[in-house]
Structure formats: structure tokens, C-alpha cells
Amino acid sequence: MSLSTLAIRRIWLLAIGAFVDRDRPDLERLRTINKPDAFVWAILPHAARSFAPSILLLPDEASKEAAVGYLYARMLDTYEDISSTPSEARRALALFAQRFDTEPPGAAPSPPDPDMADLRDETHLLLIDRHRSVDEVFLGLRPAARARVVRLVADMAAGMSEFSEIFEQQGGVLQNDQQVLDYCHHVIGLPALFVMELLLGDVLVEHQDDALEVSELIQLANITRDVEKDLLRGVAYHPSLQPYLGSDGRSHGAVAVATARRSLMLLATRRAASFRRLVEGVDLPRFSPARAAAVMMMLFTDRHYRACAVMARMPSWSGPHRMLTMVLISLPAAFSKWWARRILARIERDLLAAAA
């Protein structure tokens, strides 16, 4: 495929992603997509959500690797989230990681059968059901890329199993900020580090502390978004929420939920400066789609925390909301380090102001 054809295809996928309804996925259409490559790109905006546009801006091979890695990560997350018991979740996580002991990979464990599933859950269950389509794209990657994806899956499965036991031992909650940050590092923060490694290359090792803080900032966005949903499945990332496990947190627990969300949000936004330091500390070339992808990732993170501030009963701040607007803001960063610095510095100021 020529470079011009690849560019047109990537712009087309970005345009589709800008208008796709992530809250009401067209499951019937997704089920009818037979070509593995087409299925991967069609389900990515629903599975990766804020990461999907950044993944699309990566070079072709890196983009495929990131998409496959993130879809496998989403499958693991689904086993963890909606298995009927913690022991069943740990068993599924171990089996999913072990399937990569052979090439081609073995069959994935059966999808969980939850008592209650919203449309997001149903999309993720469909993804597990169609794991062979993702496997086909995985097998087309270069050996080094496949090895990185397998390492991501193994590390995530181990981290999720470890914290599943911690949650079970502690009555369904994490007890302090350090446990929350460790969860971010060892569990869902891993896909963030995986994508950042593809964005920024091997030099990420030299900026490991900033990279870990960025993974915390990104993962805490997921945690603060899903407080009520996690309570319903018997999990909380703040000890004050233990009395509300099993409820939706929206009636008698509403004040406690808002207070806990505020505490978790402030833990996250104190890390805002790490992203700009990370991007500026890496010597990206003058023209770099990766720089645009990094800016877009931060714009999505900022949008989340603006909404989170409202849910936490805190003052919010202004910024772009529509995905198309964020794409258009991000693209000049591919050509201009000054533009990237300007956007990242503005987001940093707003997040640190919230933290203050």
C-alpha cells in the first residue's frame, strides 16, 4: 500500500472515529464485519475510546501493534470487570495469557456471562467473542512487535490477578493512595506505557518517572469515570466507599461518591506537569505524527477531568469537547513543537489549578 493511500485511509478512519457514537455502538454492524483488519479498526474507537485517535496517528506498523495490544488489554479488562467471582476472573486472566504460549495463539476463555451488562460491556464481550479476528492481525505483525504485545498481555494479567487478590483480602477496596498508584502502574497503566513507548521510542526509559506519572494520570481518569459502575460490581478505589459496595452510589451514597471522586481526581491532577515534561524531554523530529498523537491523548484526558470536576462538585474549566475539534487542534503539533508546547502548557495550567 502506498504512503498516500495509507494517509488517506488513516484520515478516513479518524473521520469515522470523530462521528462514531461510543455510548451507543452499532453492535449489529460490528458483528457483520468479516475482514479481521476492518474489524480491528471498526471496534477500536469503542474499546480504546480516548486512545483510538492517538493510535491512528502512529506510523502504520506501530499503529497496528498499538491497536492489537490495546484490544487484548480491553479483553483482559473485561474478564476482570464482569466475571461472576474474583477467582473466576483470575482463572480467565491466567488462561488468556497462557494462550500465547503457542503460535498461533490458542482459544480465549469463554466470555463472562454477567447478570447486568450495559452497551459498553456488550461491545467488549463481542470483542472477546471475535478474538480470532484480532489474532489474525496480531500474526501479521513483525516478531519483535508480537513479542512486545505478548509481554504486555502477560504483565497485565499478572498485575490484575495480584490486585484481584488484594481487593478480595481488603473487602473490595484499596486502602490508600499508594495502593491506587500501584494499581495504576501494574494493571491498566501498562497499556498507557505501551502506547507511549510506541509514541516516544526507547528513550522512554530515560524518563521513566514522568512516564509512570502519565500512566497514573491516564488510569485515574478511568477510575474516576467509573466510580458508580465499580461500586455495583463490588469494587472501590477509596476506602470511604466500602459501605456503598453493591449499590449504584447515586442515592444515599451520593455525597460520599462525590467526595471520593474529588480525592482521586486531585491525586491525578497533581501529576499534570509530567506529560509536557515527557514530550519535551524526547527529541522528536521536526515532523512527528507521534507528537500530534501525544497532544491528542492529553486533550482527551483534559476533557475527562473537566467532566469529572462537575461530578465531584468542583469548579470546571473550558476546553474543546467534540472529537473533531480535538483532532483539528492536535494535527498542527505534528509540524510544530511550539504548538504542541502551547497546548500542553495550557492543559497543564488548568489541571494544576484544579489540583490547587
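Visitor: Which hand does the crossing of H15 and H18 have?

Guide: The crossing of H15 and H18 is left-handed. Keep in mind that this is a predicted model.

Visitor: How should I read the geometry of such a pair?

Guide: Two packed helices are described by the angle between their axes and by the distance between those axes. Here, helix H15 (residues 273-281) packs against helix H18 (residues 337-355) at an angle of about 160°, and their axes are 8 Å apart. An angle over 145 degrees counts as roughly antiparallel, so H15 is roughly antiparallel to H18.

Visitor: Which residues make the contact between H15 and H18?

Guide: From H15 come Ala 273, Phe 275, Arg 276, Val 279 and Glu 280, while H18 supplies Arg 341, Leu 344, Ala 345 and Glu 348. Sorted by class, the contact of H15 with H18 has 5 nonpolar and 4 charged residues, with no polar ones.

Visitor: At what angle do H6 and H9 pack?

Guide: Helix H6 (residues 86-98) and helix H9 (residues 143-169) pack at about 170°, and 9 Å separates their axes. H6 and H9 are therefore roughly antiparallel to each other. H6 passes H9 in a left-handed crossing.

Visitor: And which residues meet there, in H6 and in H9?

Guide: On the H6 side you will find Pro 86, Arg 90, Leu 93, Phe 96 and Ala 97. They meet Val 153, Ala 154, Ala 157, Met 160, Ser 161, Ser 164, Glu 165 and Glu 168 in H9. The residues of this contact of H6 with H9 divide into 8 nonpolar, 2 polar and 3 charged.

Visitor: Let's turn to the loops. Where does Pro 104 lie?

Guide: Pro 104 is in the loop between H6 and helix H7 (119-129). Another loop, between helix H16 (289-311) and helix H17 (323-330), holds Arg 313. Phi of Arg 313 is near 60°, a positive value in a residue other than glycine.

Visitor: What lines the largest cavity?

Guide: Its lining consists of Ile 223, Val 227, Asp 230, Leu 231, Val 235, Ala 236, Tyr 237, His 238, Leu 241 and Leu 264. Helix H13 (residues 227-232) gives the most to this lining, with 3 residues. By class, the lining of the largest cavity has 8 nonpolar, 1 polar and 1 charged residues.

Technical notes:
Residues numbered from 1 in each chain as written. Predicted model: local features only at pLDDT ≥ 70, side-chain atom pairs only at ≥ 80, totals over all residues. Heavy atoms only, no water. 1 Å grid on protein atoms, 1.4 Å probe; cavity = no way out; pocket = protein on both sides within 12 Å on 5 of 7 lines; lining within 4 Å. Helix = DSSP H or I, 4+ residues; strand = E, 2+ residues; numbered from the N terminus. Nonpolar A, V, L, I, M, F, W, Y, C, P; charged D, E, K, R; others polar. Axes fitted to C-alpha atoms, helices over the stretch in contact; angles between N-to-C directions. Parallel < 35°, antiparallel > 145°, perpendicular 65-115°, else oblique. Left-handed = near helix turned anticlockwise from the far one by under 90°. Contact = heavy atoms within 4.5 Å.
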